[in-house]
Every structure is written in structure tokens, then in C-alpha cells.
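Here are my notes for a colleague new to this entry. Please read them beside the model.

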Amino acid sequence: MTTSPRPSAAGLGPVLREALGVLSPVRCAGCGLPDVELCRACRVSLEPSPEVDELPGGLVVVSGLRYEAEVRSTVLAYKQQGRLRLATALAPALAASVALAAPPGVGGAPPVVVAVPSSPRGRRRRGWDPVELLVRRAGLRAVRRGLVALPGRGAQKELDREARRRSRAGSLRARPGLAGLRVVVVDDVVTTGSTLLEARRALAAEGAVVVAAACVASTPLLSRRRP
């Protein structure tokens, strides 16, 4: 008699994965403390402390947290382990970044938010989009499918800054109808900034003006820190 293999968490839908997380033993996503989703000390480490960076070409990037220690562990647990409830703890950092990156424009109209989409491969693997969920948890109203990720791009983790820039070139397409809009691009984690620069290129090709970018966290690899 044969039995069917038990489905992995990666193969479950978002709702089922979140329900499974309630029933399964957990450890703190930040420090590993048992029997708690996120301990008090790690929650404190996720309190937003926005910093402003600038990429080549003058694109301003606001990040709510530094991508290190407990912050890094929590983001990885959220994205790689499918612990969707962590979006609620990470979302304030994104909201704070957008608030700083998107001051009201002429007449009081703030820029619109456009989220960087997951790659087609990442979306298939997870069954959900991490940035899209963070945007909702942060209470932000984003342009639906303002950017579309094109297939055929490989992993970038081992690439240096220049190789990432070349790899990302042409990987995004903006939807029509954005001409004249002032836009803030949002992402979860920024490393070299190549994805944000590609997003700006794609949006500019449709006539949108990217005024800034905002993210949950950024690594020390960005070009230079600004006070």
C-alpha cells in the first residue's frame, strides 16, 4: 500500500499556510526563542527608524530598517518560510518609509504607490507576492499591476552591483496609462538598488515620474548614506 506524500508548506495556498502556522510549533522569527511568533525584544527591533539613501542617477530611497540581525531573520522567515502573519510586524517600516518618501505634491495630492512585483518564478514558488501583502498590511493604496515582471531572469544573490544592474535591465514593464503620474516605488529589501532603477526606467518609459522609492529595509550596499 502506498501513501501520497504530505504536501510541503511551499505548495499550500496562503490561507492554508497561515492556518498551518497557527497549529505548528513556532520560534521567534527574529531570535529563535521558542513558542512565540515574534518576541518582545524583536518587535522593538522592528520599530521603524527611517534612513535616506541615494542611488546613482539621484533616485532617493527611504528604508524603514537596516537589513541585519533580527530584521534580516524576520524578513527571511516571512518570505522563505511563508510566515505570512509577520507581514503585520514588518508593514509599519514600509508605511513609515512611504510617508517620508512621498510628501504631498502641488495641491496636496501625494504621489501614487507602485509595488515591485515578484518574479514569475518566485510567484509560482510561493503562491503569493511578499511586497503586495506588505502594501496591504501597511494600509497603502497601490496602482494594481503598475509593474509587471517579465520571465527569464535568474537568481541575483551571488551577483555584484554591476552584474545585477545588467541582469535587471529590461526585466520590468509598466502598464500603460501612467503618463504624468508622480510615483513612489516600493519594495521589501533593497541591496544594490538595481531593481529600483529598473522600475524607474520602466515607469519613465510610460511617462510616469518616479519621485522616490521606499522599502522595508536596506543593506549597507547602497551607494551612500544621507542624514
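**Notes on the pocket, a helix and the cysteines**

1. The second largest pocket holds about 490 Å³ of space. Of its 20 lining residues, Pro 117, Arg 123, Asp 129, Glu 132 and Arg 145 are the closest to its centre. A pocket here is an open set of points on a 1 Å grid over the protein atoms alone, where a 1.4 Å probe fits, with protein on both sides within 12 Å along at least five of seven lines; lining residues have an atom within 4 Å of a point. The volume is the space filled by probe spheres set on the points, which are joined across faces, edges and corners.

2. This is a predicted model; local features need pLDDT of at least 70, side-chain atom pairs count only at pLDDT 80 or more, and totals for chains, interfaces and linings use all residues. Residues are numbered from 1 along each chain as its sequence is written, and side-chain values use heavy atoms, without hydrogens and water.

3. Helix H5 (120–126), helix H6 (130–137) and strand S4 (147–149) each give at least two residues to this pocket's lining. Helices (H or I, at least four residues) and strands (E, at least two) are DSSP runs, numbered from the N terminus.

4. Gly 207 follows H8 and has a positive phi, near 90 degrees. Buried residues of H8 include Leu 196, Glu 198 and Leu 203. Buried means under 20% relative accessible area, with a 1.4 Å probe and protein chains only.

5. Cys 28 is buried, at 4% relative accessible area.

Note on methods: Buried < 20%, exposed > 50% of the residue type's maximum accessible area, 1.4 Å probe, protein only.
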